[in-house]
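Please look over the sequence and the structure shown below, and keep both at hand while reading.

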Amino acid sequence: MNFTIRAATKVDCKDISRMIMELALFEKMTDQVKISSEELERDGFCPNPLFECLVAEVPKENKSKEAVSLHVPLGFTTVGYGLYFYTYSTWKGRSMYLEDLYVMPEFRGFGIGKGLLSTVAKCKALFVQVAKEKHCARLQLSVLDWNAPSRDFYATRGAQDLTVKEGWHLIRFDGQSLDDLGNDAQKK
Amino acid sequence: MEYNLRKAEPKDVPDILRLVKELAKYEEMEHQVTLTEQELLEDGFGDTPFYHCIIAEIPGGGASQDSKVVGFAMYYFTYDPWVGKQLYMEEFYVMDDFRGLGIGSEILRRLSDLAVKTRCTGMMFVVAENNEVSIQYYKRRGAEDLSQEEGWRLYRFDKSSLVKMATPTEV
């Protein structure tokens, strides 16, 4: 299967939004998806974008034939994406976080996921630092514990499970708890 | 003891690195800190800051006594494609001798207030699972442990595996 990987543009946001929902469906968390393609356009393609994205495309003759969910029509040529942003390590400096990596089920097994991941790894900011030797660049991501195929995909490429190995847990304040925590600041 | 919180300035970079190394020493990982003052300066106070810092300082006693930086939080903005902009707290540390004064709580409150004001829908960070005191502190204030409650595991690729992935292999 021929495919190309390129940087996403604003017009790709509808496809990216569709695939975000497909990934959420796989992760059994569609009720948690609150934003749409308009917000993705605003947040990813403004003067100071909050994220960067790669998309994988196949030629028209290989467009999608299988429905991922009941509400999604067929015939897509944008079949995968990788969404990432820059982070910072107090030990190593500039790093990256791969927030989403997804390939539509029908298009798996052709190296598209691997292609997206190595394109992220080759990303200029990381690559320049890696080649310089003085930085040790990092790429971090999160995987659900029951998602064995994905955990294997990353582990065989050298990623370490820091939750198991070092006991790191991801913590979040949101909604009311974030408001409450912040409102205490007003009282001071 | 009086203290004040403020946004970090370029002149704070030596203190930020000092505190980073103190925390790393406490974790017995001081040798892993390879970041330099120059990099902290370029990365935090250049055209595109990669991080932001809140500093806690104890004011100086007079003409002969400078103020002292005793704590900090480093944060940056991340993105959750489901709910949008997030504030990520990368580092949060108060020097041992200055704990118990409410500095840590106030830093957390300021960050949360900033998160809401900058259109973030959440504030995220990591905690070591054996740090029961901290985990309970956050849970009492309504935080969710996403690793425990939803099964998320943090994965990392280090330098050698990144180089391997980035280097095209012969077919």
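An axis, as the word is used here, is a line fitted to C-alpha atoms, for helices over the stretch in contact, and the angle between two axes runs from 0 to 180 degrees between N-to-C directions. Helices (H or I, at least four residues) and strands (E, at least two) are DSSP runs that are numbered from the N terminus. This is a predicted model, in which local features need pLDDT of at least 70 and side-chain atom pairs count only at pLDDT 80 or more, while totals for chains, interfaces and linings use all residues. Residues are numbered from 1 along each chain as its sequence is written, chains are lettered from A and ligands numbered from 1 in the order in which they are written, and side-chain values use heavy atoms, with hydrogens and water left out.

The C-alpha trace of chain B spans about 70 × 40 × 35 Å along its principal axes.

| Helix pair | Axes come within | Crossing angle |
|---|---|---|
| α1 (residues 13-26) and α2 (residues 37-45) of chain B | 9 Å | roughly 115 degrees |
| α1 (residues 13-26) and α2 (residues 37-44) of chain A | 8 Å | roughly 115 degrees |
| α3 (residues 112-121) of chain A and α6 (residues 159-166) of chain B | 8 Å | roughly 120 degrees |

The axes of α3(A) and α6(B) cross at roughly 120 degrees, and α3(A) passes α6(B) in a left-handed crossing, where left-handed means that the near helix is turned anticlockwise from the far one by less than a right angle, and right-handed that it is turned clockwise. The contact (heavy atoms within 4.5 Å) is made by Leu117(A), Ser118(A) and Ala121(A) of α3(A) together with Leu162(B), Met165(B) and Ala166(B) of α6(B). These residues divide into 5 nonpolar, 1 polar and no charged, where Ala, Val, Leu, Ile, Met, Phe, Trp, Tyr, Cys and Pro count as nonpolar, Asp, Glu, Lys and Arg as charged, and the others, Gly among them, as polar.

In chain A, the crossing of α1(A) and α2(A) is right-handed. Cys13(A), Lys14(A), Ile16(A), Ser17(A) and Ile20(A) of α1(A) meet Ser37(A), Leu40(A) and Glu41(A) of α2(A), a set that divides into 4 nonpolar, 2 polar and 2 charged.

In chain B, α1(B) likewise passes α2(B) in a right-handed crossing. Here Val13(B), Pro14(B), Ile16(B) and Leu17(B) of α1(B) touch Glu37(B), Leu40(B), Leu41(B) and Phe45(B) of α2(B), and the residues of this contact divide into 7 nonpolar, no polar and 1 charged.

**The contact between chains**

The contact takes 76 residues from chain A and 72 residues from chain B. The area buried between the two chains, that is, the accessible area (1.4 Å probe) that two parts lose on being put together, summed over both, is about 7700 Å², of which carbon and sulfur atoms give 60%. In chain A, Tyr88(A), Trp91(A) and Arg172(A) lose the most area to chain B, together 13% of what that side buries.

**Charged pairs**

Side chains of opposite charge can pair when their charged atoms come close. A salt bridge is a side-chain nitrogen of Lys or Arg within 4 Å of a carboxyl oxygen of Asp or Glu, and the structure holds 19 of them over all chains. Across the interface of chain A and chain B the rule finds 4 salt bridges. Asp43(A) forms a salt bridge with Arg119(B), with the closest N and O atoms 3.6 Å apart.

Within chain A, the side chains of Arg6(A) and Glu57(A) meet in a salt bridge (3.0 Å, N to O). Because Arg6(A) lies in strand β1 (residues 4-7) and Glu57(A) in strand β2 (residues 52-57) of chain A, the pair ties together parts that are 51 residues apart in sequence.
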